[in-house]
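Work through the exercises below with the model open beside the text.

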Amino acid sequence: MHFISPVLWQFLEKFLSRFPLFPPEASSIAPYADTFFFFLLLISAFGTCVVIAMVVSFSILYRKEKHPVATQIEGSTLLETTWTIIPLALFLICFVWGALLYFRIYNPPTNAMNIYIIGKQWMWKAEHPGGQHEINALHVPTGRAVQLTMISQDVFHSFSIPAFRVKREVIPGRYTTVWFTATKPGTYHLFCTQYCGTLHSQMIGEVVAMTPDDFQRWTAGSTSGASLAQNGERLFASLGCASCHSGSPDAHGPSLAQVYGSKLQMSNGSFVTVDDAFLRDTILNPTMHQVAGYAPIMPTYQGQVSEDGLISLVEYIKNLNSNYRVQQTLNTSQVQTVAPAAAGTGVVNK
Ligand SMILES: [Cu+2]
């Protein structure tokens, strides 16, 4: 850029950096998403150029003065095959590439740490397993896969972190998940990208990606006293769940110890894997999944437990080990193992 004076160039650079065309690439998925996006952009640009070139050249070549009467041309196999096969190949490449990327984006690694997100008009609430709550903010460690389990308390929302190339619908009555690995420490935008009412535009926040050490410090400094599982345990007791799910062989309900992640046989013979959604459904709508060998006597807890409460209950049941009658009280250290970046990717600096 010799023809632009250095001062002007500096000014231009500064000016343009204020209006970035693309958000920063701050997650492990971002470069892959961008490569695909630029490929699509390139094909579209190429297609547009071909069409424009043909429109312009044909209107010059076949203008009225040169060809007052049009010649009728009846098909050309070569031409038709070419313009069918080339676009078909391009679309198939896009399809396969996009599908592979989709699976990469929607299948979280098994060692991902889980954070719960509740969307409501008009704020984002984040709940960490260690009991840290955040409003319109989300702190995550870099170098570690983070899975968000999200639900809406009212209408449809959509959770989006452009810098991570993450966006997923947040729906009432159903858990949706999304995952990412933040790669660069920094503060990034958090948006609701689905119009959800008057103050939709204010349903924003910030995502703070921190080094594992900083994150551990933040986690330790922001505890609210009780972990999610401990809150869940309290709720479990106050709702009287333990009277049926006592874990003893003659109990009215199935034992919940180590039930999370296991496969249960239903009364209709089918098998269901117990996950967050299964637990939430059975608390609110017990007849939905009837476990084989048990009478359908469980009452519904619809309207009695908030989304926060349900998350706590799910987290409590997740953390139940072999015999929860004996070790009813979850100690903090046991719960804390879920949150810090100790296991997994090996990025922790010791
Ligand atoms: Cu919203």
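**Exercise 1.** What pLDDT does the chain average, and what percentage of the residues score at least 70?

Solution. The chain averages a pLDDT of 82, and 90% of the residues score at least 70, where pLDDT is the predictor's confidence in each residue, from 0 to 100. This is a predicted model, in which local features need pLDDT of at least 70 and side-chain atom pairs count only at pLDDT 80 or more, while totals for chains, interfaces and linings use all residues. Residues are numbered from 1 along each chain as its sequence is written, and side-chain values use heavy atoms, with hydrogens and water left out. Over residues 323-350 the pLDDT stays under 50.

**Exercise 2.** Describe how helix α2 packs on helix α3.

Solution. Begin with the geometry: α2 (residues 30-61) and α3 (residues 77-106) pack at an angle of about 160 degrees, their axes 11 Å apart. Here helices (H or I, at least four residues) and strands (E, at least two) are DSSP runs, numbered from the N terminus, while axes are lines fitted to C-alpha atoms, for helices over the stretch in contact, and angles run from 0 to 180 degrees between N-to-C directions. That angle makes α2 roughly antiparallel to α3, a label given to angles over 145 degrees.

Next, list the residues that meet, contact being heavy atoms within 4.5 Å: Tyr32, Ala33, Thr35, Phe36, Phe39, Leu40 and Ile43 in α2 face Leu90, Ile93, Cys94, Trp97, Gly98, Leu101 and Arg104 in α3. By class, this contact of α2 with α3 has eleven nonpolar, two polar and one charged residues.

**Exercise 3.** What is the strand order of the open sheet that has β3 and β8 as its edge strands?

Solution. The order is β3-β2-β1-β5-β8, with mixed pairing, two strands being paired if DSSP finds at least two bridges between them. The edge strands β3 (133-135) and β8 (176-181) each pair on one side only. Within this sheet, β2 (residues 123-127) and β3 pair in the antiparallel sense over three bridges, and Lys125 has Ile135 in β3 as its bridge partner. Finally, helix α7 (residues 307-318) lies across β1 (113-120), β2 and β5 (145-152), running at about 165 degrees to β1.

Terms used:
Parallel < 35°, antiparallel > 145°, perpendicular 65-115°, else oblique. Nonpolar A, V, L, I, M, F, W, Y, C, P; charged D, E, K, R; others polar.
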